[in-house]
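Reader: Hi! Could you walk me through this one before I set up my calculations?
Author: Happy to, just ask away once it is on the screen.

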Amino acid sequence: MMTFGCGVYLDFPSEGNNPQWKLLTYIDTAVYHLPKYAPIDSVVNLKVKTVYYPQSAKYFYLPASELQPGINEVSYIFYSNGKKRRSFEHFYMVSDIEPRQITIDDYYLLEHDEDAFTQGLLWKDGYLYETTGLIGESSLRMLNPENGDIIRNQPLDKQIFAEGISKRGDEFIILTWKDGLVYKFDAELEQIGVFPYKHEGWGLTTTDDNVLLTSDGTYNLYYLDENFNVDSTFQVYNNRGPVQYLNELEYIEGNVWANVLGSDIVQVIEPTSGKVLMEIDLSGCIDRHRYKKAGVLNGIAYNPHDNLVYFTGKNWPYIVVWRPLFFDK
Ligand SMILES: [Ca+2]
């Protein structure tokens with residue numbers, strides 16, 4: 001038991017706690033002990049501005065199920081006879097979901113340029129679009145989704161290292177890794193603008209509400225506003241902890257699919273909670289002994305009309321095309 005503020009005490013499970021945060025599991029409840037001498041009238045959650053009226057004169061309960069996976073900064077003000085008692089806590093939660101394990105089989109292959117250092121993949125209006133990276137070699141490509149043929153291969157500015165690609169309305173948006181720039185192209189692949197971007201650019205995708213969602217190689221994902229500033233963020237957790245190195249993204253049927261740098265596992269993430277729902281294993285799809293140039297998995301695209309998911313990687317010799325059977329469509 002520890003003391004917080006003057007007269008409000010907090011109980012929390014003792015295992016795994018450290019001075020920075022207290023570990024809670026999904027089924028735990030943090031119990032605030034209220035002072036006997038001055039009953040609490042109301043409690044205000046400062047973050048979401050919710051007001052609670054404790055049912056008990058002795059305890060205020062915070063169910064862990066109300067928290068998000070990851071570090072939760074929880075701040076309450078306890079009001080008692082016109083006086084305030086403030087409590088500020090860091091609670092650490094892991095996801096309560098054990099991700100469903102999926103190994104993909106029953107897929108087919110399209111050609112892919114082994115010189116393409118793939119950084120992003122997108123399906124839009126019947127075509128695949130790909131960005132490739134490396135300074136001096138970055139490009140924007142339009143591909144035929146029937147066979148993988150390159151229809152257009154447009155070099156990007158020589159000095160940039162291109163990263164993920166996605167769409168916003170009819171426009172294409174391309175991130176750069178450390179150049180601090182984001183590029184906008186029209187539907188004809190003509191460059192129509194370059195804007196500042198304050199973060200490292202890794203993966204990029206677009207929600208069903210036409211909002212950009214981006215990664216930066218951490219376990220955080222970021223929603224961007226119209227001007228490419230971070231509007232809000234969420235943390236990605238599985239039942240073991242944070243999922244680091246999130247990279248190329250694709251928004252598919254309400255969830256975010258993300259590959260993890262250096263692994264052949266694609267994480268399927270529920271964006272409302274940040275919890276990993278599934279782990280899709282593609283390690284059987286690429287034989288790196290046979291294809292010596294093949295690097296990391298780094299391309300995910302989705303064709304909702306035919307329910308096809310496309311995967312490729314840096315310098316892979318092919319694009320893997322898979323029809324998931326688990327969508328309710
Ligand atoms: Ca993508």
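Reader: Let's start with S12 and S13: in which sense do they pair, and over how many bridges?
Author: Strands S12 and S13 pair in the antiparallel sense, over six bridges. Keep in mind that this is a predicted model.

Reader: Noted! Which residue in S13 is the bridge partner of Leu-122?
Author: That would be Tyr-129.

Reader: And what sits between the two strands?
Author: S12 and S13 form a hairpin, with two residues between them. Asp-125 lies in the turn and has a positive phi of about 50°.

Reader: Why is S12 largely enclosed by the rest of the structure?
Author: Because six of the seven residues of this strand, which covers residues 118-124, are buried.

Reader: Nice. Changing topic, how many helices and strands does the protein have?
Author: There are 30 strands and zero helices.

Reader: How many bridges join S17 to S18?
Author: Four bridges join S17 (residues 171-176) to S18 (residues 181-185), and the two run antiparallel. Ile-174, for instance, has Tyr-183 in S18 as its bridge partner.

Reader: What else does Ile-174 touch?
Author: Leaving out residues up to four places away in sequence, Ile-174 touches Thr-131, Leu-140, Ala-162, Ile-165, Val-182, Tyr-183 and Phe-185. Ile-174 is also among the residues with the most contacts inside the largest nonpolar core, a list that includes Val-236, Tyr-310 and Phe-311. That core has 60 residues. Apart from it lies another core, of 13 residues, including Leu-24, Tyr-32, Phe-78 and Met-93.

Reader: Where do the domains run?
Author: The domain assignment gives domain 1 as 2-93 and domain 2 as 100-322. Their C-alpha centres lie 40 Å apart.

Reader: What box do the C-alpha atoms fill?
Author: Roughly 75 × 40 × 35 Å, taken along the principal axes.

Reader: Last one: what share of the residues count as buried?
Author: Of the 329 residues, 37% count as buried. As for contacts with a separation of 6 or more, 53% are between residues 24 or more positions apart.

Conventions. Residues are numbered from 1 along each chain as its sequence is written. This is a predicted model: local features need pLDDT of at least 70, side-chain atom pairs count only at pLDDT 80 or more; totals for chains, interfaces and linings use all residues. A nonpolar core is a set of buried Ala, Val, Leu, Ile, Met, Phe, Trp, Tyr and Cys residues joined through C-beta atoms within 7 Å. A residue is buried if 20 or more other C-beta atoms lie within 10 Å of its own, exposed if 12 or fewer, and partly exposed in between; C-beta atoms are placed from the backbone. Two residues are in contact if their C-beta atoms, placed from the backbone, lie within 7 Å. Domain bounds come from an automatic or database domain assignment. Two strands pair if DSSP finds at least two bridges between them.
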